[in-house]
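The sequence and structure come first, and the description follows.

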Amino acid sequence: MTIRVLVADDHGAIRAGLALILGNAEGIEVVGEAADGEVALRQARALRPDVVLMDVRMPGTDGITATRQLIAEGLAEVLVLTTFDLDEYVHAALRAGAAGFLLKSVEAPRLIEAVRLVAAGEGVLAPQVTKRLIAAFASTPAGPSPAPTGLTDLTEREREVLGCLGAGLSNAEIGTRLYIGEATVKTHVSRVLAKLGLRSRVQAAILAQDHGLTPPG
């Protein structure tokens, strides 16, 4: 199955470079490009990509606003690219529902892998800043953070999975930690997100950190 990607960045040279890298990757098709968030929204509605590669700082409608709207409409998964690993706008984009982010210095193979992971429902965070990012969310929440009603509806196993998401573990790593198959992990993750009303694994990781949930053992 071909992964359809929309590239949104206000710098033409960067857009062209990203489109070239992804367009040459097996199983990935770049279906459109956008220079700002509003165009990205229009393109996503018309082209229905699987993944939108989103810059944060763009003129007009910025990447944060566009991400929030894309997620609200269920148009595509969003993978944010940023220049700065502690950029407050990236934090906001992840809270808006982006599946993750990478630095623009990312190597081509890692970018291609990240697009594939996001299309498959995985979360992706730049390895250089994963722990720092989650710590930043835990220490500086956007506002009051009462426990969501769905938290009490989670089974013991689902709470364990949520704790693993908070630690940034992949499905394979969660399976190893909990001694269950990767397919079973995917089922638990889907149920956790549904019960908590969350859009992405990154949002689940933030919630887990906010409420002190950690992996078992």
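## Sheet

Two strands count as paired if DSSP finds at least two bridges between them. Strands (E, at least two residues) and helices (H or I, at least four) are DSSP runs, numbered from the N terminus. The model is a predicted one: local features need pLDDT of at least 70, side-chain atom pairs count only at pLDDT 80 or more, and totals for chains, interfaces and linings use all residues. Residues are numbered from 1 along each chain as its sequence is written, and side-chain values use heavy atoms, with hydrogens and water left out.

Six strands form an open sheet in the order S2-S1-S3-S4-S5-S6, and the pairing is parallel. Strand S2 (28-34) and strand S6 (124-125) are the edge strands, each pairing on one side only. Within the sheet, strand S4 (residues 77-82) pairs with strand S5 (residues 100-103) in the parallel sense over four bridges. Thr-82 has Leu-103 in S5 as its bridge partner.

A salt bridge here is a side-chain nitrogen of Lys or Arg within 4 Å of a carboxyl oxygen of Asp or Glu. The whole structure holds eight salt bridges. One of them joins Asp-9 to Lys-104, with the closest N and O atoms 3.0 Å apart. This pair links distant parts of the chain, 95 residues apart: Asp-9 is in the loop between strand S1 (3-8) and helix H1 (12-23), and Lys-104 is in the loop between S5 and helix H5 (108-119). Asp-9 is buried at 1%, whereas Lys-104 is partly exposed at 27%.

Arg-201 and Glu-122 also meet through their side chains in a salt bridge (3.5 Å, N to O). Here too the pair links distant parts of the chain, 79 residues apart, with Arg-201 in helix H10 (residues 201-210) and Glu-122 in the loop between H5 and S6. Arg-201 is buried, at 9% relative accessibility, and Glu-122 is buried at 11%.

Glu-160 forms a salt bridge with Arg-157, the closest N and O atoms being 2.8 Å apart. Both residues lie in helix H7 (residues 156-166), three residues apart, or about one turn of the helix. Glu-160 is buried at 19%, while Arg-157 is partly exposed at 30%.

Note on methods
Buried means under 20% relative accessible area, exposed over 50%, partly exposed in between (1.4 Å probe, protein chains only).
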